Amino acid sequence: MAKYLLLKHYRGAPASVNDVPMDQWTQDEITAHIQYMRDFADKLSATGEYVSEQALAPEGAWVRYDGEGKPPVTDGPFAETKDLIAGWMIIDVDSYERAVELAGELSAAPGKDGKPIHEWLEVRPFYGNAPTITE
Amino acid sequence: MDEALIRSLTPSVLGILVRRGADFAAAEDAVQDALVEAIRVWPDDPPRDPKGWLVTAAWRKFIDATRAETARRRREEHVEPEAGPVPDTDDTLQLYFLCAHPSLTPSSAVALTLRAVGGLTTRQIAQAYLVPEATMAQRISRAKKTVGDVRFDQPGDVATVLRVLYLVFNEGYSGDVDLAAEAIRLTRQLAGAIDHPEVAGLLALMLLHHARRASRTAPDGSLIALADQDRAKWDTELIAEGVEILQAALAQDRLGEFQAQAAIAALHADAPRAEETDWVQIVEWYDELAKLTDSPIVRLNRAVAVAEADGPRAGLKALGELDDSLPRYTAVAAYLHERDGDEQTAARLYVEAAGKASNLAEREYLTRQAARLNRQCR
């Protein structure tokens with residue numbers, strides 16, 4: 001019973017094996033990819049392991065406080081930012097091993113020529129509750 | 001309306017439906033539906049006989065569901081289940097065994113136990129574990145399928161039940177359901193259904209830790225170490241009850257890990273001030289505990305106890321014999337180095353330990369320790 005974030009990057013992850021961008025795929029390949037993602041989420045709902053998922057637009061801005069009474073400063077996006085998050089899925093599983101197994105399965109989503117993308121996904125544990133009994 | 005009463009009646013109502021011939025999965029769904037209806041109806045129209053009301057309502061839900069299922073299959077003929085007599089036997093214990101069946105994963109066993117034995121609604125369980133209600137519903141439904149072929153009258157293993165209850169207790173408090181209190185209630189109920197020293201040991205352990213709850217965290221939610229807790233805030237009634245239950249269990253002379261853990265908690269509870277803690281006895285109990293379980297937490301905590309009993313060097317020596325990749329190893333090392341007067345090493349290790357913490361409260365606690373020492377070292 002631990003939550004993990006499966007994090008997908010636009011940029012910043014090591015290159016995928018089947019590293020052809022989606023705009024180079026056929027319509028059917030795109031449909032097959034989207035269907036695979038839906039089926040994966042449905043499967044996790046059915047196993048009682050699904051928590052949530054979100055996708056993020058690539059364009060964003062940096063924002064910071066600029067002092068009392070002033071509007072926040074915005075800047076960017078910076079093209080040189082190394083890490084660009086594309087989206088995530090949150091899962092609730094019994095073990096780290098299970099989280100890795102599921103991330104591996106998600107990474108097998110089909111891409112160009114219907115072959116798995118072998119995309120690198122980041123698996124990050126959530127902080128849980130502090131246990132009551134520690135001594 | 002007394003929601004606690006509804007919860008306490010859940011296992012016996014479920015047991016009655018199963019005895020009358022309903023299969024476990026369908027009976028459990030029917031009882032859940034009846035509970036939800038009771039929560040809705042009872043406040044305005046409290047029943048004279050709550051258990052009878054629940055049995056009748058659950059049986060009606062079961063019949064309705066069976067009819068719907070039969071209609072779905074378009075069977076022309078079907079035999080409607082007859083309501084048999086309400087038997088005298090209490091099936092609560094069997095339900096605990098079934099819901100903690102070894103074929104279930106820990107999270108499924110926890111969810112099923114909380115619903116079928118604890119009488120919590122799927123929504124409450126989902127909120128407590130911060131997952132969507134649909135996910136929790138699926139988890140429970142799969143768990144029921146997994147145990148679908150398990151015979152209800154088969155004797156089970158108390159140890160698996162205790163592990164599930166321990167997990168629920170240790171999850172503490174999140175959402176509107178107080179899981180620690182719920183775990184205590186379920187363990188108390190189990191102790192009423194079976195005379196077993198380890199059940200008593202776990203109940204004592206929970207009570208002794210629950211007694212300290214008010215002193216474990218500051219108003220801002222930050223952790224307070226045992227030595228720094230305000231002992232006036234400890235619940236002396238819970239401590240007295242825990243100690244009494246533990247002594248009766250130990251008198252049966254069948255030691256187990258929960259009794260040993262409870263004995264350690266009782267020794268802490270017994271010290272009016274942290275400095276008066278009987279660490280020599282605590283080390284002896286950790287030695288007993290280490291014989292009963294190979295838990296790394298036990299070995300780490302033993303090293304801390306050795307340090308308190310024989311000095312920090314002895315503690316560091318005990319720690320040195322352990323695998324440094326154990327969770328919380330670095331945190332213990334930091335603490336022992338500080339006790340040994342090596343504040344620079346301790347500060348460095350506290351920072352490292354904070355990076356490895358598995359929860360936010362612990363990370364903050366360890367970071368504060370590092371910050372305190374760094375300020376002193378300047």
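1. A definition to start: two residues are in contact if their C-beta atoms, placed from the backbone, lie within 7 Å. With that in hand, take B:Leu208: leaving aside neighbours within four places in sequence, B:Leu208 is in contact with B:Ile239, B:Gly242, B:Ala262, B:Ala265, B:Ala266 and B:Ala269.

2. A word on the model and its labels. This is a predicted model, in which local features need pLDDT of at least 70 and side-chain atom pairs count only at pLDDT 80 or more, while totals for chains, interfaces and linings use all residues. Residues are numbered from 1 along each chain as its sequence is written, and chains are lettered from A and ligands numbered from 1 in the order in which they are written.

3. B:Leu208 also turns up in the largest nonpolar core, which has 128 residues. Such a core is a set of buried Ala, Val, Leu, Ile, Met, Phe, Trp, Tyr and Cys residues joined through C-beta atoms within 7 Å; buried stands for 20 or more other C-beta atoms within 10 Å of a residue's own, exposed for 12 or fewer, and partly exposed for anything in between. Among the residues with the most contacts inside this core are A:Ile91, B:Leu17 and B:Leu208. Helix H10 (residues 197-210) of chain B gives the most to the core, with nine residues. Helices here are DSSP runs (H or I, at least four residues), as are strands (E, at least two), numbered from the N terminus.

4. Now the chain interface: 28 residues of chain B and 17 residues of chain A make the contact. On the chain B side, H7(B) supplies the largest share, six residues. That side divides into 13 nonpolar, 11 polar and four charged residues, where Ala, Val, Leu, Ile, Met, Phe, Trp, Tyr, Cys and Pro count as nonpolar, Asp, Glu, Lys and Arg as charged, and the others, Gly among them, as polar.

5. Chain B is divided into domain 1 (3-72), domain 2 (94-193) and domain 3 (195-276), with bounds from an automatic or database domain assignment.

6. Two backbone spots deserve a look. B:Leu130, not a glycine, has a positive phi of about 55° and lies in the loop between helix H6 (122-128) and H7 of chain B. A:Asp113 has a phi near 60° and is exposed, with 10 other C-beta atoms within 10 Å.
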